[in-house]
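Please read them with the model open.

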Amino acid sequence: MRIDVVSIFPEYLAPLELSLVGKARTAGLLDLRVHDLRAWTDDRHRTVDDTPFGGGAGMVMRPDVWGRALDDVLTPDAHLLVPSPAGTPFTQRTAEAWATEQHLVVACGRYEGIDARVVEHYATRGRVTEVSLGDYVLNGGEVAALVVVEAVARLLPGVVGNPESLVEESHGAAGLLEYPVYTKPPSWQGHDVPDVLLSGHHARIARWRRDEALRRTAARRPDILVALDAVRWDRHDLEV
Ligand SMILES: N#Cc1c(-c2ccc3ccn(Cc4cccnc4)c3c2)n[nH]c1N
């Protein structure tokens, strides 16, 4: 998979050289390219923004600069992603879908956003998705680019050592929040690891983990349970 990220702060994406994503790049599983939008400016001040038509506070990113950049970076099968507070929510399901793509291009806006005609134009030439991390306001699209790249890259075959671990994660295949995890020592600061986890009884451990995942999901994210109409659970077991 190839992922291109275009930003006026390319150094914001430096953390993607570390850890799992860094290893995926070294192993040739991910071709990640980060570009400085200012490379496509046409003036000595390397201007990327201008005042908004219709007035209002802040500045808007110019369509011509973005157009030159995206014309260079996009390929025929690319999916253009534009982080935005007005975008559709990015979820694990989104990450799973995008992990099957050949080429993702992330256009990181700043200021008050990118001139709307950029999305309008490239939607006539290929797939474009305005995507949001959640209902809060960031200063630009770079954090979303970090999140999308990591969430997608870790799903690529060969990136995560044990693919089975992807199934039991929060929001994984079962859709529930993940159960609590423990390691040595068996007792710490007066807090003991649940006995069942020390029992070696795999069926009981699996049941305990399932119950804990359900309990956590019911307590913290009842919306997920409502959405998971396939999940059959007994309210009495949850005592919630
Ligand atoms: N994904 C995502 C986002 C963003 C986000 C993404 C891109 C840009 C480009 C500029 N801003 C600042 C800005 C602030 C207010 C209005 N319009 C724009 C961005 C915020 N905010 N919150 C999210 N979940």
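1. Pocket lining. S5, helix H4 (116-123) and S7 each supply at least two residues of the lining of the largest pocket. S5 gives the most, with 4 residues. Helices (H or I, at least four residues) and strands (E, at least two) are DSSP runs, numbered from the N terminus. A pocket here is an open set of points on a 1 Å grid over the protein atoms alone, where a 1.4 Å probe fits, with protein on both sides within 12 Å along at least five of seven lines; lining residues have an atom within 4 Å of a point.

2. Basis. This is a predicted model, with local features needing pLDDT of at least 70 and side-chain atom pairs pLDDT 80 or more, while totals for chains, interfaces and linings use all residues. Residues are numbered from 1 along each chain as its sequence is written, and side-chain values use heavy atoms, with hydrogens and water left out.

3. Pocket volume and make-up. The largest pocket holds about 510 Å³ of space, a volume being the space filled by probe spheres set on grid points joined across faces, edges and corners. It is lined by 25 residues; the closest to its centre are Pro-83, Ser-84, Pro-85, Glu-112 and Gly-113. The lining divides into 13 nonpolar, 8 polar and 4 charged residues. Ala, Val, Leu, Ile, Met, Phe, Trp, Tyr, Cys and Pro count as nonpolar, Asp, Glu, Lys and Arg as charged, and the others, Gly among them, as polar.

4. Ligand shell. The ligand takes the space of the largest pocket (more than half of its atoms lie within 2 Å of the grid points). Around the ligand are 18 residues, the closest being Pro-83, Ser-132, Gly-134, Tyr-136 and Leu-138 (a heavy atom within 4 Å counts as near). The shell splits into 9 nonpolar, 7 polar and 2 charged residues.

5. Polar contacts (N or O pairs within 3.5 Å). Which distances involve a ligand nitrogen atom and a polar backbone atom of Tyr-136 or Val-131? For Tyr-136 the value is 2.6 Å; for Val-131 it is 3.4 Å. Ser-132 uses a polar side-chain atom, 3.2 Å from a ligand nitrogen. The protein covers 87% of the 510 Å² of accessible area that the ligand has on its own (Shrake-Rupley method, 1.4 Å probe).

6. Backbone checks. The peptide bond from Lys-184 to Pro-185 is cis, with omega near 0°. Pro-185 lies in the loop between helix H5 (142-153) and strand S8 (187-188). Tyr-111 has a positive phi, near 55°, and is not a glycine.

Notes: A polar contact is a pair of N or O atoms within 3.5 Å; within protein, one must be able to donate a hydrogen and the other to accept it, and residues adjacent in sequence count only if both atoms are side-chain atoms.
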